Amino acid sequence: MPASGAAPETPMTLVNTQLPVPLVGRLDQLAEQATARRPGIIREALTAYVNDRTAPVSRDEAEHD
């Protein structure tokens, strides 16, 4: 799977959002350091966020919450 978090054949849709200017500056710095593009970094971050929040919970984790 590519770093973007989506397989090449995965259909995509355009999503517009507003981000704070300082955050976009930090994204651009990361993109330059990683020789990546801003959309790919945002896609990767959102994929990790959603995967983390929707991952199955183990029985031990469920019993301790």
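A pocket here is an open set of grid points where a 1.4 Å probe fits, with protein on both sides within 12 Å along at least five of seven lines. Keep that in mind for the close-ups below, which come from a predicted model.

View 1. The protein has three helices and zero strands. Reading from the N terminus, the order of elements is simply α-α-α. Of its 65 residues, 9% count as buried.

**View 2. Here's the largest pocket.** Rolling a probe the size of a water molecule over the atoms shows where empty space is left. In this protein, the largest pocket holds about 520 Å³ of space. It is lined by 15 residues, and the closest to its centre are Thr13, Val15, Ile42, Arg43 and Leu46.

View 3. Helix H1 spans 21–34 and helix H2 spans 38–54, and each gives at least two residues to the lining of the largest pocket. Which helix gives the most to the lining? That's H2, with five residues.

**View 4. H1 meets H2.** Two packed helices are described by the angle between their axes and the distance between the axes. The axes of H1 and H2 come within 9 Å, crossing at roughly 105 degrees. Angles of 65 to 115 degrees count as roughly perpendicular, so H1 is roughly perpendicular to H2. On the H1 side, the contact is made by Val24, Leu27, Asp28, Leu30 and Ala31. H2 brings Arg38, Ile41 and Ile42. Sort the residues of this contact by class and you get six nonpolar, no polar and two charged.

**View 5. Zoom in on Leu19.** This residue sits in the segment before H1. Is Leu19 buried, exposed or something in between? Its relative accessible area is 36%, and buried means under 20% while exposed means over 50%, so Leu19 is partly exposed. Setting aside neighbours within four places in sequence, Leu19 is in contact with Val24, Leu27 and Ile42.

**View 6. Thr35 and its positive phi.** Look for Thr35 in the loop between H1 and H2. Its phi is positive, about 45 degrees, although Thr35 is not a glycine. Thr35 is also exposed, because its relative accessible area is 74% and the cut-off for exposed is over 50%.

Note on methods:
Residues are numbered from 1 along each chain as its sequence is written. This is a predicted model: local features need pLDDT of at least 70, side-chain atom pairs count only at pLDDT 80 or more; totals for chains, interfaces and linings use all residues. Side-chain values use heavy atoms; hydrogens and water are left out. On a 1 Å grid over the protein atoms alone, a cavity is a set of points where a 1.4 Å probe fits but cannot get out, and a pocket is an open set with protein on both sides within 12 Å along at least five of seven lines; lining residues have an atom within 4 Å of a point. Grid points are joined across faces, edges and corners, and a volume is the space filled by probe spheres set on the points. Helices (H or I, at least four residues) and strands (E, at least two) are DSSP runs, numbered from the N terminus. Buried means under 20% relative accessible area, exposed over 50%, partly exposed in between (1.4 Å probe, protein chains only). Contact means heavy atoms within 4.5 Å. Axes are lines fitted to C-alpha atoms, for helices over the stretch in contact, and angles run from 0 to 180 degrees between N-to-C directions. Angles under 35 degrees count as roughly parallel, over 145 as roughly antiparallel, 65 to 115 as roughly perpendicular and the rest as oblique. Ala, Val, Leu, Ile, Met, Phe, Trp, Tyr, Cys and Pro count as nonpolar, Asp, Glu, Lys and Arg as charged, and the others, Gly among them, as polar.
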